[in-house]
Amino acid sequence: MTNLFKVLLIVPLLFFYNCSDDDDNNPNPHGGNNVLRVGNVEYDLDAGLIENYGAWDDEMVNLDLSLFSSGINISNCSSGPSGSGQVLYFEMFTTNENYLDDGTYTYSVNPELGTFDYADYALNWGDDMNEEDWIECGSGSVSIERSGSNYTISWDLIDDNGIDITGSFSGVLDYCDLSEDLQSSQSSKKRFK
């Protein structure tokens with residue numbers, strides 16, 4: 001009876017030890033931190049960009065947020081991204097020209113502080129892609145947390161086909177000040193083509 005008791009005590013400990021070893025080999029067993037999920041399909045994200053389009057009105061600034069997979073390069077502000085891969089884009093409204101405020105931004109067709117009025121994504125983005133290759137997201141929210149130059153971003157959206165678009169990104173975002181170039185243009189969807 002004592003041996004049976006020891007075996008019953010040791011087996012769960014071995015199982016627990018083996019499970020924790022698996023977790024150590026995969027730091028995030030539920031998927032990577034930098035990932036775009038379209039339905040149940042995951043795409044790794046590698047970089048991000050904030051484009052400053054300047055003051056929208058006296059109370060808010062238009063900053064566009066784009067997140068990219070590793071196949072896309074952000075070389076400089078004047079030429080825009082190049083390469084091919086996946087992209088997620090938001091047109092957001094915040095209080096500062098240099099960074100996105102912390103908080104939850106919700107979708108609204110009417111730009112207001114703490115909202116985004118446009119979001120879309122492309123799974124096969126490339127230099128020769130057309131506008132119809134982008135898929136719009138007409139509802140949802142984006143959570144932003146900033147610590148210095150590092151951002152933690154997560155989103156929960158629904159695209160125009162009814163597919164859940166979720167994911168997260170953590171890292172430093174490149175910054176482009178385009179406010180002088182487009183000061184007179186206050187229209188949605190100024191993202192790169």
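**Notebook: fold, pairing and selected residues**

I began with the elements and counted one helix and twelve strands in the chain. Here helices (H or I, at least four residues) and strands (E, at least two) are DSSP runs, numbered from the N terminus. I read their order from the N terminus as α-β-β-β-β-β-β-β-β-β-β-β-β.

**Entry 1. Basis and confidence**

I noted that this is a predicted model, in which local features need pLDDT of at least 70, side-chain atom pairs count only at pLDDT 80 or more, and totals for chains, interfaces and linings use all residues. Residues are numbered from 1 along each chain as its sequence is written, and side-chain values use heavy atoms, with hydrogens and water left out.

I looked up pLDDT, the predictor's confidence in each residue, from 0 to 100. The chain averages 81, and 77% of the residues score at least 70. I marked residues 3-31, where pLDDT stays under 50. For that stretch the model has six contacts beyond four places in sequence, a contact being heavy atoms within 4.5 Å.

**Entry 2. The chain as a whole**

I recorded that buried residues make up 38% of the 193 residues in the chain. Buried means under 20% relative accessible area, exposed means over 50%, and partly exposed lies in between (1.4 Å probe, protein chains only). The chain exposes about 10,700 Å², of which carbon and sulfur atoms supply 48%. Accessible areas come from the Shrake-Rupley method with a 1.4 Å probe; for residues, only the protein chains shown count as cover.

I then turned to sequence separation. Among the contacts in the chain with a separation of 6 or more, 57% are between residues 24 or more positions apart.

**Entry 3. The disulfide**

I found one disulfide in the structure, the term standing for a pair of cysteine sulfur atoms within 2.5 Å. Its members are C77 and C176, with sulfur atoms 2.0 Å apart. The pair links distant parts of the chain, as C77 sits in the loop between β5 (72-74) and β6 (81-94) and C176 in strand β12 (residues 174-177), 99 residues apart. I read -95° about the S-S bond, and the link of C77 and C176 is left-handed.

C77 is partly exposed at a relative accessible area of 36%, whereas C176 counts as buried at 4%.

**Entry 4. Strand pairing**

I applied the rule that two strands pair if DSSP finds at least two bridges between them. Strand β1 (residues 35-38) and strand β2 (residues 41-44) pair in the antiparallel sense over four bridges. Within this pair, V38 has V41 of β2 as its bridge partner. The hairpin of β1 and β2 has two residues between the strands, and there I noted a positive phi near 65° for G39.

I also followed β1 to β11; four bridges join these strands, which run antiparallel. On this side, L36 has G167 of β11 as its bridge partner.

I next examined strand β7 (residues 103-107). Four bridges join β7 to strand β9 (residues 135-147), and the two run antiparallel. Two bridges join β7 to β8, and these strands run parallel. I found T106 in both pairings: its bridge partner in β9 is S141, and its bridge partner in β8 is T115.

**Entry 5. D120**

I located D120 in strand β8 (residues 115-126). D120 is buried, with a relative accessible area of 0%. Its side chain makes a polar contact with the side chain of Y118 at 3.2 Å. For this term I used a pair of N or O atoms within 3.5 Å; within protein, one must be able to donate a hydrogen and the other to accept it, and residues adjacent in sequence count only if both atoms are side-chain atoms.

**Entry 6. D160**

I placed D160 in the loop between β10 (150-159) and β11 (164-172). D160 is exposed, with a relative accessible area of 54%. Not counting residues up to four places away in sequence, D160 touches E136, C137 and G138. Of these, I looked up C137, which counts as buried at 2% relative accessibility. I also took the C-alpha to C-alpha distance from D160 to I135, which is 7.1 Å, the two being 25 residues apart in sequence.

**Entry 7. A55**

A55 is partly exposed, with a relative accessible area of 32%. The C-alpha atoms of A55 and N96 are separated by 9.0 Å, and the residues are 41 apart along the chain.
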